[in-house]
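Please look first at the sequence and the structure shown here, and then read the report with both in view.

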Amino acid sequence: MFDTLKSRIYQGNQFIKDIKNAPMREQFRGLPKLCNSNCNNCKDCLNVCPTGALKLNPLSIDMGKCTFCGACKNVCKTGAIDFTNFYKLSTTKRENLIITEDMTQEEFSKIAIEVRKEIKRVFGKSLKLRQVSAAGCNGCEMELNACSNVNFDMGRFGIDFVASPRHADGLVITGPISKNMAYALEDCYKSTPDPKIVVLCGACAISGGVFQQSSELNREFLEKYPIDLYIAGCPVHPLTFINGILGFIQGK
Amino acid sequence: MNWIKLKNNGKIDINSIPTLKIEQLREEIINLNLRPVAFFGKDWGNNTTKLFVVLADDKNSELNVSSAIFNQDEKCYESITQVLPSFHIFEREFYEQFGIKPLNHPWLKPLRKNQKDYKFFEMEGEEVHQVAVGPIHAGVIEPGHFRFMCNGETVYHLEIMLGYQHRGVEDLMIKHPSNRLAESICGDSVIANNLAYSKVMETLCDCKVSKRAQLIRTLALEMERAAIHIGDLGAISGDIAYLMGASVFGATRTLVINTMLEFSGSRFGRGLIELGGVNFDIDNEKIKRALETLTKVEKDVDRMVKTMLKNTSVMSRLEKTGVVSKEKAEQIGLVGMAARACGLTLDSRFDFPDECYKFLALPRKMFKGKGDVNSRFKLRHQEAMESLDISKRILEMLKNTLKEEVKTNCELNLPKDTMAISIVEGWRGEIVHIALTDMNGTLSKYKIKDPSFNNWYGLALAVRNNGVSDFPLCNKSFNLSYCGCDL
Ligand code: SF4
Ligand code: SF4
């Protein structure tokens with residue numbers, strides 16, 4: 001008991017106080033920064049991109065597909081592609097994940113999350129989520145678990161992962177949705193009481209990510225049901241996730 | 001010659017692999033009685049199927065390769081599992097993929113397909129009841145189905161039905177091989193899988209990687225091991241409601257993965273390893289910071305573990321829970337950390353060392369494991385400390401050695417009719433990648449074996465005669481991969 005207390009005092013407080021303005025290491029690859037006029041159309045980046053996230057003329061990166069691997073930046077000789085360490089990469093519209101040269105950090109932040117009054121009213125102070133891993137690689141899952149550790153401590157905002165869909169206000173889906181998980185996912189959605197939200201978390205869930213071309217997927221769920229929030233990453237960083245959810249349920 | 005011998009990270013001409021009759025191959029396998037690391041089929045034209053077998057001779061650091069051919073009308077053979085149980089899952093996979101039936105296989109159930117028709121083992125009796133869990137679990141983890149046959153609170157038998165995570169990775173690898181896909185095979189073993197992929201491809205293309213790049217790769221691998229072990233120490237603490245441990249280990253793990261973020265731009269080291277080397281060098285400034293951080297982590301983890309192990313209520317939960325005996329472990333073919341916790345010595349870092357581990361010449365640390373949760377807890381502590389120590393040694397070397405290029409150009413010019421094998425010891429155990437090319441020099445088969453493939457059955461044995469409420473604890477002490485098994 002005494003030793004445990006000593007350890008507790010020694011550890012001090014570990015939580016990040018201001019989660020909305022938490023600093024991020026400069027090496028983190030977040031929001032892309034593109035310079036179309038530098039692009040000389042060599043297509044080197046297209047060849048190394050594992051997910052087809054890049055387009056040329058004009059240069060754009062679809063963060064819903066991007067794994068933030070940085071390969072495109074590494075091969076680009078003209079410096080047309082760069083990544084900032086800006087980590088608030090959630091949008092309420094799928095198409096807003098596509099970043100072009102004009103989409104600066106300020107611009108993106110303005111349009112990224114559309115705040116709905118009813119969401120704020122119903123979920124603003126408490127949001128219980130059921131997580132469904134539908135062939136997620138355990139990368140996104142580990143980061144979602146980290147959201148609840150002592151550093152990020154998501155629970156203090158009233159956001160928690162719960163054990164049963166019956167207790168949940170929404171689903172957080174990770175993974176490209178394998179054929180074998182399609183049924184369970186839909187079942188889980190139906191078991192969640194209304195009103196509910198659906199969040200797609202990570203490149204796999206949003207677009208299939210590196211598994212887009214697999215014949216073992218069944219992504220019909222996404223056509224059938226409305227999606228409320230897209231959170232980009234591979235995996236999604238805990239700060240990205242928490243800020244995405246907070247932005248969605250509380251506004252700025 | 002019925003076998004051809006190969007070293008780790010070696011390649012051979014496919015045509016030099018002996019092709020036997022299955023009866024003969026079976027007899028050979030049983031007589032040699034070595035550990036299977038691969039056992040897979042491949043379409044061989046004209047409706048024939050070729051079965052490749054790779055057996056590990058751990059003592060001599062050699063891999064034995066052989067094969068058998070099945071003609072169109074040969075649709076069954078006497079199973080090997082009835083003699084050597086460690087083949088059970090390999091034979092199930094082969095049957096599911098090629099329809100060639102291992103006769104008298106005691107456990108011929110679906111592996112990744114047809115979950116709807118899955119027939120669970122059943123027991124009857126007044127007190128006997130079933131508990132079904134999954135595929136979606138209570139926590140934030142990957143899906144799988146567990147069926148417990150219980151008598152009151154005691155588990156008689158646990159059957160694990162997987163396959164939900166199947167993404168067809170091996171097929172994708174043939175069509176679109178890439179470091180990024182390798183990183184997503186199993187997101188908790190990003191470095192280990194990417195390293196195995198890179199090595200198997202570099203072996204095929206005779207691409208040499210600089211010493212410095214090799215050191216950075218090994219550093220990343222050891223940091224991955226340390227981070228996961230520390231995280232799992234926290235998860236085990238959480239499962240026995242020792243929240244102090246969960247918090248402290250959680251926070252120290254963050255320090256390790258944030259150091260990885262500084263090195264590579266990703267907390268799990270995504271984007272670091274690339275064919276031909278690594279994408280990021282580590283400068284002295286970062287090395288200095290990392291050394292300080294890892295020293296602190298070492299101290300904090302050690303302190304917390306020692307505090308915990310002094311606590312009798314902690315010990316009463318860990319000791320004698322979820323036991324797998326050494327004999328059972330050997331029989332069913334456990335590998336990696338789980339096997340070492342049962343008292344086996346398998347560790348491919350020492351049994352099949354690559355250039356870098358040979359250079360580092362680490363001493364093999366022994367562990368007197370009893371196969372219970374306590375052993376797995378203590379072993380994870382020992383291995384985390386060891387990995388942190390190795391990481392620090394490598395960082396010192398990186399600081400002092402001459403700068404050299406960390407990436408060379410590696411053109412994917414694949415040789416014809418070749419097979420290459422690479423084994424990497426991830427934190428769970430051996431990760432095996434095997435690549436085959438055809439007569440045109442294109443990839444024709446890519447085989448991946450995750451340690452979880454062998455070890456899931458170990459978890460099923462571990463929970464026998466334990467309280468069903470101890471399942472989460474047993475599970476966490478193994479922490480096996482669903483997608484690694486389902487691929
Ligand atoms: S960082 Fe994104 S856009 Fe660039 S190569 Fe990787 S996946 Fe493609
Ligand atoms: S988005 Fe990346 S980290 Fe997340 S599940 Fe997919 S591959 Fe894994």
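The report below takes up a ligand site, then the contact between two chains, and finally a single residue.

This is a predicted model, in which local features need pLDDT of at least 70 and side-chain atom pairs count only at pLDDT 80 or more, while totals for chains, interfaces and linings use all residues. Residues are numbered from 1 along each chain as its sequence is written, chains are lettered from A and ligands numbered from 1 in the order in which they are written, and side-chain values use heavy atoms, with hydrogens and water left out.

**The site of ligand 2**

A residue is near a molecule if one of its heavy atoms lies within 4 Å of it, and the residues around ligand 2 include Cys137(A), Cys140(A), Cys204(A) and Cys234(A), together with Ser184(B) and Arg270(B). Because residues from chains A and B surround ligand 2, the site is shared between chains. Helices are DSSP runs of H or I with at least four residues, numbered from the N terminus; in chain A, α6 (139-146) and α8 (203-207) each supply at least two residues of the shell around ligand 2.

**Where chains A and B meet**

Contact means heavy atoms within 4.5 Å, and the contact takes 57 residues from chain B and 56 residues from chain A. The buried area, which is the accessible area (1.4 Å probe) that two parts lose on being put together, summed over both, is about 4500 Å² between chain B and chain A, and carbon and sulfur atoms give 58% of it. Ile136(B), Val140(B) and Arg167(B) supply 15% of the area that chain B buries against chain A, more than any other three residues.

A salt bridge is a side-chain nitrogen of Lys or Arg within 4 Å of a carboxyl oxygen of Asp or Glu, and the count between chain B and chain A is 2 salt bridges. The side chains of Arg267(B) and Glu143(A) meet in a salt bridge at 2.7 Å, N to O.

**Asp351(B)**

Asp351(B) is found in helix α12 (residues 348-351) of chain B. With a relative accessible area of 6%, Asp351(B) is buried, a word that means under 20% relative accessible area (1.4 Å probe, protein chains only). Leaving aside neighbours within four places in sequence, Asp351(B) is in contact with residues including Asp58(B), Ser61(B) and Arg364(B).

Definitions and conventions
Buried < 20%, exposed > 50% of the residue type's maximum accessible area, 1.4 Å probe, protein only.
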